[in-house]
Amino acid sequence: MIDRPIRIGLQLQPQHMDYATIRRTASEAEDLGVDVLFNWDHFYPLSGEPDGLHFECWTMLAAWAESTSRVEIGALVSCNSYRNPDLLADMARTVDHISEGRLILGIGSGWFERDYTEYGYEFGTAGGRLDDLATALPRIESRWQKLNPKPTRDIPVLIGGGGEKKTLKLTAKHANIWHSFSDPETLERKLGILGQHCADIGRDPNEIEISVMGNTENRDRMYELGARLFTVHTGGPNPDLTELREFLAWRDKLNA
């Protein structure tokens, strides 16, 4: 296994707080030394008051591209269903330029039914949404090559999810980063499946960075299994960076 340094992400969930608080927390996280700043791609809160304060993903990423200077930024994850793939490619390219090459394109097939029904998207089936993602990823990659100007770099693609037949197969073919929501035992098994999908197409699985949610109880085991991007989360109304500080100290100790 090719080793990588540990990176720490913060998912700043854009719910239950005003934008001034979001901007201030993003700046504080960057000052603390976080490696990646994520939001999410939903239209309503996922916890707390269902109709509470909430902001849109990609316009926020463009604002973060201007208000930060060092951290990578992205969605954990952008929903493929909400935007035409060629448009999403152009949006990502634009945020890539605004940020001077700091965008990660996190993408998944979508799952939150209320987003779909309230905004007029067809929810369909989980399998159908994954098939749509399989169609979208080559279109995104193709559009990046046609745009003028092109992206500033090969924009890293993060795919989130754990479906063994479709999601991991797409990860093997298209992703630079795989984000798993699994526990350690499940992650170990799915890494074997991902490795087989990579072998089937002749790709080295070590090219794919393994990303997980930060959990102090299992992070050492996740590290042993190869996870290197650990993301903690916080949201409104009073975002708390205590856990982030603890993970940053852990990163610095192991990376020293």
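Contact here means that heavy atoms lie within 4.5 Å. In this predicted model, Ser180 is in contact, once its neighbours within four places in sequence are left aside, with Leu187, Ser211, Val212 and Met213.

**Annotated domain**
- According to an unreviewed UniProt entry, the annotation "domain: Luciferase-like" covers residues 7-215.

**Largest pocket**
- The largest pocket has a volume of about 460 Å³, and of the 27 residues that line this pocket, His42, Leu76, Val77, Trp111 and Phe181 are the closest to its centre.
- Two elements, strand S4 (78-79) and helix H5 (126-146), are those that give two or more residues to the lining of the largest pocket, and H5 provides the largest share, three residues.
- Sorted by class, the lining of the largest pocket consists of 11 nonpolar, 13 polar and three charged residues.

- Ser180 is found in strand S7, which spans residues 177-180.
- Ser180 counts as buried because its relative accessible area is 1%, and the cut-off for that label is under 20%.
- The side chain of Ser180 makes a polar contact, at 2.9 Å, with the side chain of Ser182.

Definitions and conventions
Residues are numbered from 1 along each chain as its sequence is written. This is a predicted model: local features need pLDDT of at least 70, side-chain atom pairs count only at pLDDT 80 or more; totals for chains, interfaces and linings use all residues. Side-chain values use heavy atoms; hydrogens and water are left out. On a 1 Å grid over the protein atoms alone, a cavity is a set of points where a 1.4 Å probe fits but cannot get out, and a pocket is an open set with protein on both sides within 12 Å along at least five of seven lines; lining residues have an atom within 4 Å of a point. Grid points are joined across faces, edges and corners, and a volume is the space filled by probe spheres set on the points. Helices (H or I, at least four residues) and strands (E, at least two) are DSSP runs, numbered from the N terminus. Ala, Val, Leu, Ile, Met, Phe, Trp, Tyr, Cys and Pro count as nonpolar, Asp, Glu, Lys and Arg as charged, and the others, Gly among them, as polar. Buried means under 20% relative accessible area, exposed over 50%, partly exposed in between (1.4 Å probe, protein chains only). A polar contact is a pair of N or O atoms within 3.5 Å; within protein, one must be able to donate a hydrogen and the other to accept it, and residues adjacent in sequence count only if both atoms are side-chain atoms. UniProt positions are given in the numbering used here, feature names are shortened, and annotations may be inferred rather than shown by experiment.
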